[in-house]
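Please summarise the packing and strand layout of this model. Keep it brief.

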Amino acid sequence: MVVLVGSVVTASAQNVGGVVRDQKGEPLIGASLYWEGTMIGTATDANGAYTIYRVKGHDRLVATYLGYADQVVEVPEGTTELDFTLV
């Protein structure tokens, strides 16, 4: 029974991933991303790439980087890839 429940939870889990770049197309290393209204977030790696766990009930993903305007995007259910370009 416990194994089945664990399998169901794993199957329903969804990650969203992508790349954060500047307007010249350069990756932004260490950009922050978080689900609006939560403390759930992550940062981009050396290639500007990120992966973040989808939080049920929250569909607005925020990308921030010092010196750039924040970008907030509504992420439809089922979306697994989303890139950001910050200006």
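## Report

Ala31 counts as buried because its relative accessibility is 0%; buried means under 20% relative accessible area, exposed over 50% and partly exposed in between, with a 1.4 Å probe and protein chains only. Ala31 sits in the loop between E1 and E2. Elements are DSSP runs numbered from the N terminus, with at least four residues for helices (H or I) and at least two for strands (E). Beyond its neighbours within four places in sequence, Ala31 contacts Val20, Thr42, Ala43, Thr44, Thr64 and Tyr65; contact means heavy atoms within 4.5 Å.

**Basis and confidence.** This is a predicted model in which local features need pLDDT of at least 70 and side-chain atom pairs count only at pLDDT 80 or more, while totals for chains, interfaces and linings use all residues. Residues are numbered from 1 along each chain as its sequence is written, and side-chain values use heavy atoms, leaving out hydrogens and water. Mean pLDDT is 89, and 85% of residues reach 70 or more; pLDDT is the predictor's confidence in each residue, from 0 to 100. Over residues 1-12 it stays under 50, and the model has zero contacts there beyond four places in sequence. Where pLDDT is low, the predicted coordinates should not be read in detail.

**Sheet.** Four strands form an open antiparallel sheet, ordered E3-E2-E5-E6. Strands pair if DSSP finds at least two bridges between them. E3 and E6 are the edge strands, each pairing on one side only. E2 and E5 are joined by four bridges. Leu33 stands opposite Ala63 in E5.

**Core.** The largest nonpolar core has 15 residues; Val16, Val20, Tyr50, Leu61 and Phe84 touch the most other members. Such a core joins buried Ala, Val, Leu, Ile, Met, Phe, Trp, Tyr and Cys residues through side-chain atoms within 4.5 Å.

| Strand | Residues |
|---|---|
| E1 | 15-22 |
| E2 | 32-35 |
| E4 | 49-53 |
| E5 | 60-64 |
| E7 | 84-86 |

Beyond four places in sequence, the contacts of Leu61 include Val16, Leu33, Tyr50 and Phe84.

**Aromatic pairs.** The whole structure holds two aromatic pairs. Tyr50 and Phe84 form a tilted one, 6.3 Å centre to centre with 55° between the planes. Rings of Phe, Tyr and Trp (its six-membered ring) pair if their centres lie within 6.5 Å; planes under 30 degrees apart are stacked, over 60 edge-to-face, the rest tilted. Tyr50 is in E4 and Phe84 in E7, so the pair ties together parts 34 residues apart in sequence. Both Tyr50 and Phe84 are buried.
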